[in-house]
Amino acid sequence: MVGRSSLPDGALFLGLDSSTQSVKATVLNNELIIVASETVNFDSELPHYKTEGGVYRDPSDDGRIFSPTIMWVEALELLLEKLKPKIDFSKVVAVSGSGQQHGSVYWKKGSQAVLSSLDPSKSLMSQLKDAFSTMDSPIWMDSSTTKQCREIENAVGGALELSKLTGSRAYERFTGPQIRKIYQAEPQIYENTERISLVSSFMASILVGCYASIDETDGAGMNLMDINKKTWSKTVLEATAPVLEEKLGNLAPAYATAGLISPYFVERHQFDKNCLVIQWSGDNPNSLAGLTLNTPGDLAISLGTSDTVFGITAEAKPSLEGHVFPNPVEPDGYMVMLCYKNGSLTREDVRNQCAEKSWDVFNNYLEKTTPLNGGKLGFYYKDHEILPPLPVGFHRYIVENFNDASADNLTEREVQEFDAPSEVRAIIEGQMLSMRGHAERFGMPNPPKRIIATGGASSNDSILKSIAQIFGCPVFTVERPDSASLGAALRAAHGWLCNKEGGFVPISCMYMGNLENTSLGAKLAVPAPSDGEDREFLKKYTLLMKKRMEIEGRLVEKIGRA
């Protein structure tokens with residue numbers, strides 16, 4: 001029987017994650033236990049790029065947010081140097097990775113030749129610094145392509161038609177609208193581009209020394225792929241930019257092998273020449289793998305630079321809200337996802353303004369304020385939000401007759417500010433109520449059987465308690481909050497196994513019946529609300545969630561960006 005025992009003794013599996021603010025590594029052994037990990041933070045360890053949160057914001061172009069492509073190259077080199085004392089690279093039999101979704105890289109004409117002949121005596125950075133037709137990589141935080149979104153939607157018969165075709169309506173951060181903007185605004189860059197990679201396929205390309213394919217799951221985050229056929233949609237390609245298909249290359253399943261590791265890494269870092277590079281994918285799909293999310297009633301909440309809510313489903317039912325991607329570890333299934341731009345950076349903003357820049361003070365305020373916050377509702381948008389499509393701004397309301405009311409007769413009044421402890425509770429409750437409201441509207445389970453929390457803020461017990469109270473279900477966490485690089489390491493092992501078996505095998509065969517003896521098992525962090533007081537809170541949170549969605553609807557009508 002194929003399974004964990006089929007992984008060779010002493011073998012290591014390397015998972016990398018190229019995210020917004022850092023690159024990370026997680027290494028699993030053949031027992032699927034974490035044996036090493038490492039991180040490079042862009043702002044603090046590569047300060048010469050002068051990024052803030054790993055990005056640049058263009059003051060002259062509203063909503064334009066990007067990162068320097070070459071910074072990701074330098075960060076990869078530094079990460080491998082930091083990891084070298086911890087593991088023997090020659091024992092790594094497969095490597096895979098995770099990239100922040102939607103971000104794109106533009107290789108200039110002639111770069112394939114550069115990639116395939118890297119000199120191991122020289123740094124990657126010195127050899128790749130001139131390989132790009134633009135040094136700026138648009139990333140998922142960008143919201144400057146509203147015009148291009150509408151043009152693409154109109155060309156295919158509207159937003160819902162595009163969603164049915166590609167799994168999502170047009171979103172500003174998606175790669176298709178970003179490519180169209182470059183084609184329209186900077187045609188010389190587009191013309192000089194030989195290959196367009198996602199962050200995931202870009203990093204894979206460096207490792208294999210040639211252009212790696214975009215995988216089908218991350219490819220679904222571009223508004224360019226037919227979600228059912230898993231091929232590029234000619235209709236959308238034509239609506240986006242000319243000769244685009246040849247610049248994108250072929251798609252590949254997430255479990256497929258991208259190639260053998262490049263001789264550059266064999267000679268410079270002593271990787272084994274037979275080490276496989278498994279297709280990289282997006283960070284959210286990798287998190288889904290790392291959390292071993294395989295039950296339709298479960299939901300995952302990732303609390304990172306962006307906040308995401310995701311689950312799995314057997315069939316694709318795209319709508320005007322949220323996203324449908326192919327499941328990265330189950331070829332016949334799909335993952336469904338909601339994405340919020342205002343995640344950890346917005347929480348940190350409230351912490352800095354209201355809690356003396358201290359998480360201890362922040363958590364103390366969260367603990368000492370009562371659930372429901374006396375009916376105080378806050379909407380906090382440090383950046384233009386994706387869901388709902390609202391511009392930068394802060395909106396605060398107090399629900400007046402909250403204690404003895406039904407959803408039909410709640411009234412609210414707008415206020416300018418809350419006291420500091422209430423502000424802290426309002427940001428957390430506001431984000432979770434929004435997640436619950438949109439998840440239910442999207443058809444995700446209500447209530448979920450359980451929520452698995454991941455991302456940096458999942459180590460915050462006070463926030464986890466609020467999630468359990470608002471969703472009315474138990475909350476679990478995993479050993480490593482960075483589930484994306486863990487998922488990449490697990491996918492490296494899975495891809496190695498699929499390659500050995502000559503085709504797809506279920507990923508669960510590697511850990512089924514033995515999850516608690518690996519680094520993959522989820523542990524209960526907060527039980528489901530059970531006593532009378534908790535159940536009463538849940539009822540009132542349901543009322544508050546409905547009121548929030550109603551207020552949000554009015555805000556979108558009045559000032560929405562869509």
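The following dialogue examines how terms are assigned in a predicted model.

Tutor: In this predicted model, local features need pLDDT of at least 70 and side-chain atom pairs count only at pLDDT 80 or more, while totals for chains, interfaces and linings use all residues. Residues are numbered from 1 along each chain as its sequence is written, and side-chain values use heavy atoms, with hydrogens and water left out.

Student: What makes helix 5 roughly perpendicular to helix 7?

Tutor: The axes of helix 5 (residues 146-156) and helix 7 (residues 175-185) cross at roughly 105° and come within 9 Å. Angles of 65 to 115 degrees count as roughly perpendicular, so helix 5 is roughly perpendicular to helix 7.

Student: Why is the pair Asp136 and Arg64 called a salt bridge?

Tutor: A salt bridge requires a side-chain nitrogen of Lys or Arg within 4 Å of a carboxyl oxygen of Asp or Glu. The closest N and O atoms of Asp136 and Arg64 are 3.1 Å apart, so the pair qualifies.

Student: Which parts does this pair tie together?

Tutor: Asp136 lies in strand 8 (residues 136-138) and Arg64 in the loop between strand 4 (56-57) and strand 5 (65-68), so the parts joined are 72 residues apart in sequence.

Student: Why is Asp136 called partly exposed?

Tutor: Buried means under 20% relative accessible area and exposed over 50%, with partly exposed in between (1.4 Å probe, protein chains only). Asp136 has 26% relative accessibility and therefore counts as partly exposed. Arg64, with a relative accessible area of 22%, is partly exposed.

How values were computed: Axes are lines fitted to C-alpha atoms, for helices over the stretch in contact, and angles run from 0 to 180 degrees between N-to-C directions. Helices (H or I, at least four residues) and strands (E, at least two) are DSSP runs, numbered from the N terminus. Angles under 35 degrees count as roughly parallel, over 145 as roughly antiparallel, 65 to 115 as roughly perpendicular and the rest as oblique.
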